[in-house]
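Try each task before reading its solution.

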Amino acid sequence: MNLVFLGPPGSGKGTQAVRLSQAKGVVHLSTGDLLREAVKGGTELGRQAEGYMKKGELVPDALIIGLIEDKITGGELNNGFILDGFPRTVPQAESLKTMFEKNRIGLDKAVLIAVSDDEIVKRLSRRWFCPTCQAIYNYPTNVPRKEGICDKDGAELQRRPDDEEGVVRNRLEVYKKQTQPIEVFYQKESLLVEVSGEDTPDNVFQSVLKAVG
Ligand code: AMP
């Protein structure tokens, strides 16, 4: 199973991608998670990406394509994968296609999780995450057992700095301008399937399972 997950920030694509990767035993690769780790670790990549991320802008294509290329040539995607948050621009989608062709990897589907702008702003203002295991919580639909504490490892939950409303609005604009055109790209390749993300996580998961077959 080789999939790309698409959707605006806050669509729940990360949550669904993790669930599906666990259910199917394939690798989940989130470029946002990789970049946040790089920022936290103070690596060269992290230093270069941090400023863009804080403003809700995309990091330059060359940086992110290099990151994915390392994973592909390292063989990490050989036994099935879900790419989450990549590609985010048409040049990234084109590069990915070339990298797949070179490495004889076939893409099965691009799954778009669709959610309206108002719902996104509402959701992200209530999103918390665990800095240790990356688990996501949402008030009031998915609350931790103990207020502010991760159920899985007891770490103190945090807010993502780019989930503040002004930054969220910018991320939505960036999504429309730079990322939405790749929906057309995958439509032309006959790979695009769309799922409504405006339902409970369990119901969305059922729709995702149906869409990927
Ligand atoms: P995410 O966790 O997917 O929402 O990503 C958080 C931030 O990381 C984005 O707002 C971008 O600044 C950066 N980022 C993640 N993936 C990409 C990508 N494929 N291309 C450019 N920037 C990215």
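Predicted model: local features only at pLDDT ≥ 70, side-chain atom pairs only at ≥ 80, totals over all residues.

Residues are numbered from 1 along each chain as its sequence is written, and side-chain values use heavy atoms, with hydrogens and water left out.

**Exercise 1.** Find which residues line the largest cavity.

Solution. Start with the term: on a 1 Å grid over the protein atoms alone, a cavity is a set of points where a 1.4 Å probe fits but cannot get out, and lining residues have an atom within 4 Å of a point. A volume is the space filled by probe spheres set on the points, which are joined across faces, edges and corners.

Step 1: searching the whole structure gives one cavity of 30 Å³ or more, and the largest cavity holds about 40 Å³ of space.

Step 2: its lining consists of Phe5, Leu6, Gly7, Lys13, Gly85, Phe86, Pro87, Arg88, Tyr175 and Thr179. Strand S1 (2-6) and helix H7 (165-179) are the elements that give two or more residues to this lining; helices (H or I, at least four residues) and strands (E, at least two) are DSSP runs, numbered from the N terminus.

Step 3: look again at Phe86 and Pro87, whose peptide bond is cis, with omega near 0 degrees. Pro87 sits in the loop between strand S3 (81-84) and helix H5 (90-102).

**Exercise 2.** Describe how helix H6 and H7 pack.

Solution. Two packed helices are described by the angle between their axes and the distance between the axes.

Step 1: H6 (residues 117-124) and H7 pack at an angle of about 140 degrees, and their axes are 10 Å apart. Axes are lines fitted to C-alpha atoms, for helices over the stretch in contact, and angles run from 0 to 180 degrees between N-to-C directions.

Step 2: H6 and H7 are therefore oblique to each other (under 35 degrees is roughly parallel, over 145 roughly antiparallel, 65 to 115 roughly perpendicular, and the rest oblique).

Step 3: the contact (heavy atoms within 4.5 Å) involves Asp117, Ile120, Val121 and Leu124 of H6 with Glu165, Val168, Arg169, Arg171, Leu172 and Lys176 of H7.

**Exercise 3.** Locate Arg104 and give its phi.

Solution. Step 1: Arg104 is in the loop between H5 and strand S4 (109-114).

Step 1: phi of Arg104 is near 50 degrees, a positive value in a residue other than glycine.

Conventions. 1 Å grid on protein atoms, 1.4 Å probe; cavity = no way out; pocket = protein on both sides within 12 Å on 5 of 7 lines; lining within 4 Å.
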